[in-house]
Amino acid sequence: MTRQSAARKPETTEAVIRLSDVNKWYGEFQALKDINLTIKRGERVVVCGPSGSGKSTMIRCINRLEEHQRGTIVVDGIELTDNLKNIEAIRSEVGMVFQSFNLFPHLRVIDNLTLAPMWVRKMPKKEAETLAMEYLERVRIPEQAYKFPGQLSGGQQQRVAIARALCMQPKIMLFDEPTSALDPEMIKEVLDVMIELAESGMTMIVVTHEMGFAKTVADTMVFMDAGEIVEVAPPSIFFEAPKSDRTKLFLSQILTH
Amino acid sequence: MQPERRTYAFAVTECMAALEASRKSDTSILNSLAFRGVVYQVLLASGVILLGWYLYHNAHLNLERQGIATGFDFIGERAGFSIGESLIPFDSAQSYGRALLVGILNTLYVAAFGVVLATILGVTMGIARVSSNWLISKLASGYVEACRNVPVVLHVIFWASVIRALPPPREALNPFDGVFITNRGVIYPLPVENAIYPWMGLALLVGIAGAVLFARWAGRRRELTGRNVSTFWPGLGIILGLPLLVWLAGGAPLEWSVPALRGFNFQGGTSLTPEFVGLLVGITVYTGAFIAEIVRAGIQSVPHGQVEAARAVGLRPGLVMRLVILPQALRVIVPPTTSQYLSLTKNSSLGVLIGYPDLVNVGNTTLNQTGQALEAISIMMAVYLMISLSISIFMNFYNRLVAIRER
Ligand SMILES: Nc1ncnc2c1ncn2[C@@H]1O[C@H](COP(=O)(O)OP(=O)(O)OP(=O)(O)O)[C@@H](O)[C@H]1O
Ligand SMILES: [Mg+2]
């Protein structure tokens with residue numbers, strides 16, 4: 001029901017996300033300034049930039065965890081407005097992975113995964129569980145299905161969080177610094193899962209400082225600073241010949257330490 | 001998780017294990033934590049028993065020396081006073097024991113209503129306080145701040161005075177047909193007794209059980225097929241429908257005793273006394289404010305990331321509350337709410353101030369007439385202890401139901 005009910009515009013077979021002149025304020029403080037960004041189906045976008053530059057704010061606007069005040073955001077043909085039906089339709093098409101995992105601590109891993117398919121997609125429990133096990137296989141922790149999140153390591157929890165988002169079979173996945181809260185030895189297991197997901201053709205927007213990951217996976221690099229998009233370029237150009245001085249400075253800081 | 005309560009049997013087994021261990025490892029048992037734990041507990045228990053016996057013995061001797069009667073024989077004696085309202089028949093020719101029972105029932109009666117109403121009020125106000133609607137949340141905070149910062153004694157006296165300030169029966173407020181609000185209490189119609197009513201009560205119980213079964217069935221069906229079966233209206237239908245059928249089968253008796261003004265007061269119907277209403281409203285409004293704070297704190301104890309994650313997968317706000325926030329909030333809410341139930345029950349003893357014949361009121365009269373203060377007080381204390389323990393046991397049981405496993 002959520003899939004069909006919302007109005008859909010025909011011209012979006014190409015651009016699956018379009019942000020036009022998006023502005024956002026927190027009180028007096030402007031967190032996003034005239035953001036323009038178009039993302040095509042299957043495109044992998046890595047967003048980077050200094051702390052406080054508005055990266056989280058931007059991707060959280062895409063599934064309306066934050067509200068923008070000016071400009072338009074169109075996701076999969078649906079414009080984000082106050083319309084609750086539209087918002088829910090978009091949220092069920094857009095998966096999100098948080099820095100702090102945000103698994104539901106009172107539910108076992110498998111119940112974390114089946115919750116939304118059962119309550120949002122109205123899927124029978126059996127079917128939802130089969131689906132959940134499929135995705136747990138994909139993130140390589142099927143043996144943890146009947147544990148509680150608190151019993152897992154950080155890397156395992158983040159992979160459960162990815163599987164939870166995938167269980168809604170979203171068209172787009174948003175990642176907000178998915179490895180920043182992890183110990184170094186666990187970062188790789190999460191990045192590997194994300195690389196696999198990228199190879200399967202998922203449209204992904206990833207906020208991260210893992211430049212190795214960005215180089216292997218990204219189609220497009222986006223650099224933000226002070227609420228603005230400063231530079232948008234394919235990784236080959238972005239890393240070798242960035243145009244803006246701010247990008248150069250940022251890259252020199254992040255790549256040297 | 002609940003902290004495991006160390007039962008005596010458990011401590012003893014632990015001690016035996018420690019003995020065993022100390023024999024094996026050759027370290028002194030006196031150093032074993034478990035052994036010391038048992039020793040301390042035994043010492044403490046003996047001390048308490050000794051002290052209690054000494055106090056009792058001492059009081060007994062002194063009273064005997066002064067020629068004051070001791071013991072509980074007075075319970076069977078004629079009470080000689082009447083009680084304003086009672087759930088069971090009572091007159092002054094009956095015993096002190098029966099009078100005390102009337103008091104106990106009145107205490108339970110007002111406390112039971114108080115607990116239910118304070119919970120409804122508190123949960124509503126607690127959720128309202130975290131509402132994003134400015135007016136609603138400000139109104140709820142206004143209620144909480146106004147009510148919890150005034151002593152409960154004043155609440156009770158205030159509401160009793162409000163009721164006494166209502167118009168007399170001749171000018172009674174008449175909000176609905178047959179219902180009158182006066183300074184003599186709230187008077188409302190009552191169906192004339194009929195043999196069919198107990199059966200309707202039974203049908204109601206059966207209906208409730210049926211509705212619970214139906215809800216379970218609906219839950220299972222939802223798991224199997226994903227289809228949401230609405231449970232509210234069918235459930236209500238089952239609960240109300242069965243008594244209705246019984247009523248129709250019994251010839252649909254329609255006789256009501258409707259209150260009507262005769263002279264200076266109403267005849268017919270039944271009434272809630274001003275004392276009962278004043279006490280009930282007072283303790284409900286007071287405790288409701290505390291429960292509202294507990295509910296608010298419980299909801300806010302759930303990290304915001306949980307709400308965001310739940311919204312991000314597309315759950316509606318109502319489902320976010322029901323599936324994600326409340327299950328996590330309840331374990332924070334239940335234990336302090338238990339204390340509120342206990343203090344509400346104990347606060348119902350303030351009925352003595354406005355003339356509600358609760359246990360303390362009746363017990364006090366008994367005490368004054370018999371002069372047996374220790375006995376009368378200890379009966380009251382024992383009864384409150386028993387009521388409180390029952391509430392605690394029930395709430396601990398409920399807490400174990402909602403306490404969630406996390407690891
Ligand atoms: N709820 C809020 N209220 C007020 N200001 C906020 C809020 N959330 C974010 N901000 C501000 O908006 C700016 C952008 O924040 P944002 O979280 O998007 O940055 P970021 O690029 O994700 O940084 P980081 O790398 O530290 O996560 C920051 O200056 C932050 O202080
Ligand atoms: Mg951020």
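## Burial and surface of chain B

Of the 407 residues in chain B, 37% are buried, where buried denotes under 20% relative accessible area with a 1.4 Å probe and only protein chains considered. The model is predicted: local features need pLDDT of at least 70 and side-chain atom pairs count only at pLDDT 80 or more, whereas totals for chains, interfaces and linings use all residues. Residues are numbered from 1 along each chain as its sequence is written, chains are lettered from A in the order in which they are written, and side-chain values use heavy atoms, without hydrogens and water.

Carbon and sulfur atoms hold 67% of the accessible surface of chain B, which comes to about 23,500 Å² (Shrake-Rupley method, 1.4 Å probe).

## Fold and dimensions

Chain B contains 13 helices and seven strands, taken as DSSP runs (H or I, at least four residues, for helices; E, at least two, for strands). Its radius of gyration is 27 Å, well over the 22 Å that the globule rule gives for 407 residues, so chain B is more spread out than a compact globule. The radius is taken over C-alpha atoms, and the rule is 2.2 Å times the number of residues to the power 0.38. Along the principal axes, the C-alpha atoms of chain B fill a box of roughly 90 × 80 × 45 Å.

A:C48 is in no disulfide, and the nearest cysteine sulfur, that of A:C61, lies 19 Å away. A:C48 is buried, at 0% relative accessible area; A:C167 is buried at 1%.

Notes:
Buried means under 20% relative accessible area, exposed over 50%, partly exposed in between (1.4 Å probe, protein chains only). A disulfide is a pair of cysteine sulfur atoms within 2.5 Å.
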